[in-house]
Amino acid sequence: MSITQHKKAAPPQTSAQWPRLVADIGGTNARFALETSPQQIEKIEVLPCNDYDTIIDAAREYLRRAGNPKISHAAIAIANPITGDWVQMTNHHWAFSIETTRQSLGLETLIMLNDFTAQALAITQVLPEDLVQVGGTRPQPNAPKAVIGPGTGLGVSGLIPSNAGWVPLAGEGGHVSFPPFDDAEVMIWQFAKKKYGHVSAERFLSGAGLTLIYEALATKEGVKPQKLTPAEISEQALSGSSPLCRLALDIFCAMLGTVASNLALTLGAGGGVYLCGGIIPRFIDYFKYSPFRSRFENKGRFDAYLAAIPVYVVLSKFPGLQGAAVALSNHLKGCSNNTAALGGAADGAAKE
């Protein structure tokens, strides 16, 4: 798991183990909470990122609202690759040093991890009632799980079984090149390529991506695109008031089917595919019967292989917070068992 860790020393017995600060920061909103005991997440607040100049300002405002509790340990999941001390967010203007953030907030421990690494870890804690199955059979035991989710961007991760438990993958799969499936998608891809150059999967499988698909279809039909938000496109699609919006939503779901099945094949995800993010739950009833599942299984000689893989829509409201809490717990357990574990992390993590 790619996590950058910053610390003073192995946590002394006198440090405040609880509560812990956990956060999940996306391109639009920063979600903060206190973990008061294992997986007991309380005092959740959602703060608009644009309301704060820095991540430190947002964290301090949350702690002020929470009554300024004494915090020693914190974990922040963020929509960005974590490759060292400096973080420059891809979908927001915040840029910061992790170590400076730790010192400014007076923390003993601060770990940062990719938001979809946290989403993957949250799958290990998800309740059955927070999952809606869309096709497939039963998950294979001890098989990899794929985690993918469109939101402000497109997050991609996975869980690999090991003797030590589930190992989450930290990657940037949302930025792989998008593969058009048919002539309609080739046309949409060409529209996006002319506009942006490289066309990643995230260009289409995100809130802005739904708008982009709609704009491409309108342009092809010689219709002036209305200035519609993704939510408005979805609403008009589902109400039947706009055939063009319905086509855009159908194509969005089909594209997600292609990318999700590619991920499932790459990981050998017999343990299931988990769809996270804030978009799909908004139209879950439509999604069950959308083109998603037929496209997911449309892989020629591997149709039967994919037909067996269950897909789950994750309805948990704050999975990133749960995943951050799991990562922090795992990290602190490692510290208590092996002080040297604090000395570094994968992918060029900075050291004090």
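In the predicted model, helix 3 is largely enclosed by the rest of the structure, because nine of its nine residues are buried. The buried positions of helix 3 are Asp-115, Phe-116, Thr-117, Ala-118, Gln-119, Ala-120, Leu-121, Ala-122 and Ile-123. The N-terminal end of helix 3 is capped by Asn-114, from which a side-chain oxygen lies 2.8 Å from the backbone nitrogen of Phe-116.

The protein chain is divided into two domains: domain 1 is made up of residues 20-120 + 318-333, and domain 2 of residues 127-314. A distance of 27 Å separates the C-alpha centres of domain 1 and domain 2. To the contact, domain 1 supplies 10 residues and domain 2 supplies 17 residues.

The size of an interface is often expressed as the accessible area that is lost when the parts come together. Between domain 1 and domain 2, the buried area is about 940 Å², and carbon and sulfur atoms give 64% of this area. On the side of domain 1, the residues that lose the most area to domain 2 are Phe-116, Thr-117 and Ala-120, which together account for 55% of what that side buries. Helix 3 (residues 115-123) contributes four residues to the side of domain 1 that touches domain 2, and gives the most to that side. Sorted by class, the side of domain 1 that touches domain 2 holds three nonpolar residues, seven polar residues and no charged residues. Polar contacts between domain 1 and domain 2 amount to four residue pairs, with both residues at pLDDT 80 or more.

Ala-201 counts as buried because its relative accessibility is 1%, where the cut-off for a buried residue is under 20%. When residues up to four places away in sequence are not counted, Ala-201 touches Leu-154, Gly-174, Val-176, Ser-177, Phe-178 and Val-259. Ala-201 and Gly-135 are 66 residues apart in sequence, and their C-alpha atoms are 23 Å apart in space.

Definitions and conventions:
Residues are numbered from 1 along each chain as its sequence is written. This is a predicted model: local features need pLDDT of at least 70, side-chain atom pairs count only at pLDDT 80 or more; totals for chains, interfaces and linings use all residues. Side-chain values use heavy atoms; hydrogens and water are left out. Domain bounds come from an automatic or database domain assignment. Contact means heavy atoms within 4.5 Å. Buried area is the accessible area (1.4 Å probe) that two parts lose on being put together, summed over both. A polar contact is a pair of N or O atoms within 3.5 Å; within protein, one must be able to donate a hydrogen and the other to accept it, and residues adjacent in sequence count only if both atoms are side-chain atoms. Helices (H or I, at least four residues) and strands (E, at least two) are DSSP runs, numbered from the N terminus. Ala, Val, Leu, Ile, Met, Phe, Trp, Tyr, Cys and Pro count as nonpolar, Asp, Glu, Lys and Arg as charged, and the others, Gly among them, as polar. Buried means under 20% relative accessible area, exposed over 50%, partly exposed in between (1.4 Å probe, protein chains only).
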